[in-house]
Amino acid sequence: MDEKFRDRFAAHDLPNRTLREVYTYWLKMKGDKGLPTRADLDPVQIPHLLPNISLIDVEYQPRRYRMRLIGTETVRALGEDPTGTYLDDNLQANALLKSRYDWLVENKRPYFYCDKLMWSDKKFLEYQTIGLPLSRNGVDVDIIMFGINYDFPEEMGSIPMAFGA
């Protein structure tokens with residue numbers, strides 16, 4: 001991967017409270033078992049985190065990723081809701097994200113990543129994400145849970161303006 005990718009971290013290493021809480025919740029779901037399941041995820045326990053959570057179905061043979069549920073903060077960042085679409089429907093997103101999705105499915109452990117939102121028209125937006133594996137059978141990753149935080153300009157104290165605006 002690259003320097004923006006980390007697969008060894010603790011909750012206190014994560015850069016903001018939202019990601020720390022999502023990761024801590026995933027660890028709680030996991031408990032002593034290998035991987036938590038989708039059934040372990042109880043939205044009632046984490047309503048304040050739901051806008052920052054997305055769930056991606058993993059399909060095998062061929063491996064594809066379907067956007068099962070996209071949090072409202074991601075919809076806000078992208079300016080559209082990709083729920084129900086496949087990662088490879090967006091060639092730019094597929095080129096930038098597929099290797100990380102594949103890594104998580106193959107390694108079956110979380111990762112942290114931060115960058116700009118390069119697959120959208122909002123390339124100025126910075127984001128941080130943790131990819132977290134879920135499994136029905138405790139072995140094969142069949143859902144990826146993402147906790148995502150976006151640094152929206154109004155929250156950073158400035159709003160980018162286009163020339164001539």
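The model is predicted: local features need pLDDT of at least 70, side-chain atom pairs count only at pLDDT 80 or more, and totals for chains, interfaces and linings use all residues. Residues are numbered from 1 along each chain as its sequence is written, and side-chain values use heavy atoms, with hydrogens and water left out.

**Aromatic pairs**

- The structure holds 11 aromatic pairs. Rings of Phe, Tyr and Trp (its six-membered ring) pair if their centres lie within 6.5 Å; planes under 30 degrees apart count as stacked, over 60 as edge-to-face and the rest as tilted.
- One of them joins Phe5 and Trp103 edge-to-face, at 5.0 Å centre to centre and 75 degrees between the planes.
- Phe5 lies in strand E1 (residues 5-6) and Trp103 in helix H3 (residues 91-107), so this pair ties together parts 98 residues apart in sequence. Helices (H or I, at least four residues) and strands (E, at least two) are DSSP runs, numbered from the N terminus.
- Phe5 counts as buried at 11% relative accessibility, and Trp103 counts as buried at 14%. Buried means under 20% relative accessible area, exposed over 50%, and partly exposed in between (1.4 Å probe, protein chains only).
- Tyr111 and Phe146 also pair edge-to-face, with 6.3 Å centre to centre and 65 degrees between the planes.
- Tyr111 is in strand E4 (residues 111-116) and Phe146 in strand E6 (residues 143-151), 35 residues apart. Both residues are buried.
- Phe5, Tyr65, Tyr101, Trp103, Tyr111 and Phe146 form one aromatic cluster.

**Charges over rings**

- The charged end of Arg76 sits over the ring of Phe152, 3.6 Å from its centre. The cut-offs: NZ of Lys or CZ of Arg within 6 Å of the ring centre and within 35 degrees of the ring normal.
- Arg100 places its charged end over the ring of Tyr113, 3.6 Å from the ring centre.

**Nonpolar cores**

- The largest nonpolar core has 27 residues, of which Ile56, Tyr65, Tyr101, Tyr111 and Ile144 touch the most other members. Such a core is a set of buried Ala, Val, Leu, Ile, Met, Phe, Trp, Tyr and Cys residues joined through side-chain atoms within 4.5 Å.
- Strand E2 (53-59), strand E3 (64-69), helix H2 (72-78), H3, E4 and E6 each give two or more residues to this core. H3 supplies the largest share, six residues.
- Leaving aside neighbours within four places in sequence, Ile56 is in contact (heavy atoms within 4.5 Å) with residues including Tyr65, Met67, Tyr101, Ile144 and Phe146.
- A second, separate core of 19 residues includes Tyr25, Ile130, Leu132 and Ile143.
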